[in-house]
Amino acid sequence: MHYFLIAGEASGDLHAAALIRALRQSDPEARFSFLGGDLMAEAAGCSPIIHYRSMAYMGFCEVIRHLPQVLGNLSKARKALLQAKPDCFIPVDYPSFNLKVAKTAAKAGIPVYYYISPKIWAWKQWRVRTIRRIVDKVLCILPFEPQWYADHGYDRAVYVGNPSVEELKAAIDATPDRETFCRSHRLRSNRQLLALLPGSRRGEIRKNLPIMDAVARRFPQYTIAVAAAPGIDDDFYAPFTKFSLVRNDTHALLRHAHAAIVTSGTATLEAALANTPQVVTYRSNGSKIFYNIMKHVLSVKHVTLPNLIEDRTIIPEMLMHQCNVEDVSTQLSTIMADNAPARLAQLEGYAAMRTTLGSNQAAASAAAIILSAIP
C-alpha cells in the first residue's frame, strides 16, 4: 500500500518515523510519500517532498511573515497528495497545515487517519466540526482525548498509547554512563547537569533561550548544557547563549540532568519520563495582557503535558509575563536539592503519570488500526 504522511516539526518527525517502521513490519510492500524530516527519510528510504525545516513556523506573526512560503508549501503538498493517489493520508499533529491537506484528501476520497490528535481540547475547539466531517479515525496519544471527542460528537477516536513512553525507554536503555556522555559532549562531569531545552522552532528558541540562559547563570555550581534542535545550526544559538550545545542526544541529556528548564511542548513529557525535575517556560511576547487573554481562550487549566495527563499541577508553568529571570530562578531553586519537597512531589507525579499512560506501543497499535481500516 501507499501511505502519505505529513509531519511539520521535530517531534512529529520522530513519531512519524516510528509509525513508518511499524507499517513496514506489517506491510512489506509499503510505499511512502511524505513531508517531514531526516528520521522519516531514514525509515521510509526516500527523501521528503518538503523538509519540515521549511515548515516549522510558530505563532500568527511568524506565519504572516512567511506567508508566501507557507502557501507555497500547502499548494505543493496538495498537488503531491493528489498525484500520489495514496491508499490513505496520515497527518501527524501540525493541525493548521494538516487539516487543510486533509480536506483535499477527503474530497478526493482518500481515507484520513490522524495520528497524534491536534490539541483542540485546549483551544480552537470548533475544529472538531472539521474533524467529524473529514477524518476517518483519530489515533490519540493522550488517554483523556477519546472521551473528549466522544463528548463532542465524534466516536472514532482511539487511544493507542503514547510514543514517548517507548522512545524514552529505548533511548535510556541505550544511554551511555554519565562520564562517557559528558566526555563525548565536552561537558564537565564533576558537577551536576542543568539542561536547557528551548524548543525545536526558531521562534521558540529566540524567545525562551535568553531567559533560560540568564537563569542558568544564577546556578554556577552546575554544568549547563543546551539541547540543540535538529536542523538548526549552532550559529543560530550564538546570540542567545554561550553554554555548550548538545546535539542529537537530548534524551541522554535528560537522563543525566539533575534538573531542566523546558519550553512547553513534547519535551516536558520526555523530561517527566526521564524522571528529570523541571520548570516549564513559554515566553511568546511576555505580555500580562496577552496572558490574561489566553487564560480565557484556553479551555484547560494546564498547558504542560504531565499536568494535563494527571489533571493537577505537577510542574510549575511559567508562562508569558511569568517567564522572567526572577520568577523562573525562584521556581528552579525549589527543585534543586535532592530532598526538596517540590522535587519529591514532581517525582511522585511522574510515577502516577506513567501509570496513567500505560505501556501500549503507540506506533504498532496505530499501524494495526490503519491497516485494518483501509478499504
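Modeller: Two strands are said to pair if DSSP finds at least two bridges between them, where strands (E, at least two residues) and helices (H or I, at least four) are DSSP runs numbered from the N terminus. This is a predicted model, in which local features need pLDDT of at least 70 and side-chain atom pairs count only at pLDDT 80 or more, while totals for chains, interfaces and linings use all residues. Residues are numbered from 1 along each chain as its sequence is written, and side-chain values use heavy atoms, with hydrogens and water left out.

Colleague: Which residue stands opposite alanine 195?

Modeller: Strand 7 (residues 193–197) runs parallel to strand 8, and four bridges join the two. Within strand 8, the residue that stands opposite alanine 195 is alanine 225.

Colleague: How many of the six residues of strand 8 are buried?

Modeller: Buried means under 20% relative accessible area, against over 50% for exposed and in between for partly exposed, with a 1.4 Å probe and protein chains only. On one side of strand 8 Thr223, Ala225 and Ala227 are buried, as are Ile224, Val226 and Ala228 on the other. Strand 8 (residues 223–228) is therefore largely enclosed by the rest of the structure, its buried residues numbering six of the six.

Colleague: Which residue in strand 3 stands opposite isoleucine 6?

Modeller: Strand 1 (residues 2–7) pairs with strand 3 in the parallel sense over five bridges. Strand 3 (residues 88–92) has five of its five residues buried, so it is largely enclosed by the rest of the structure. Cys88, Ile90 and Val92 point one way from it, and Phe89 and Pro91 the other way; the residue opposite isoleucine 6 is proline 91.

Colleague: Which residue with a positive phi follows helix 13?

Modeller: Helix 13 (residues 266–273) has seven of its eight residues buried, so it too is largely enclosed by the rest of the structure. After the helix comes a residue whose phi is near 65°, namely asparagine 275.
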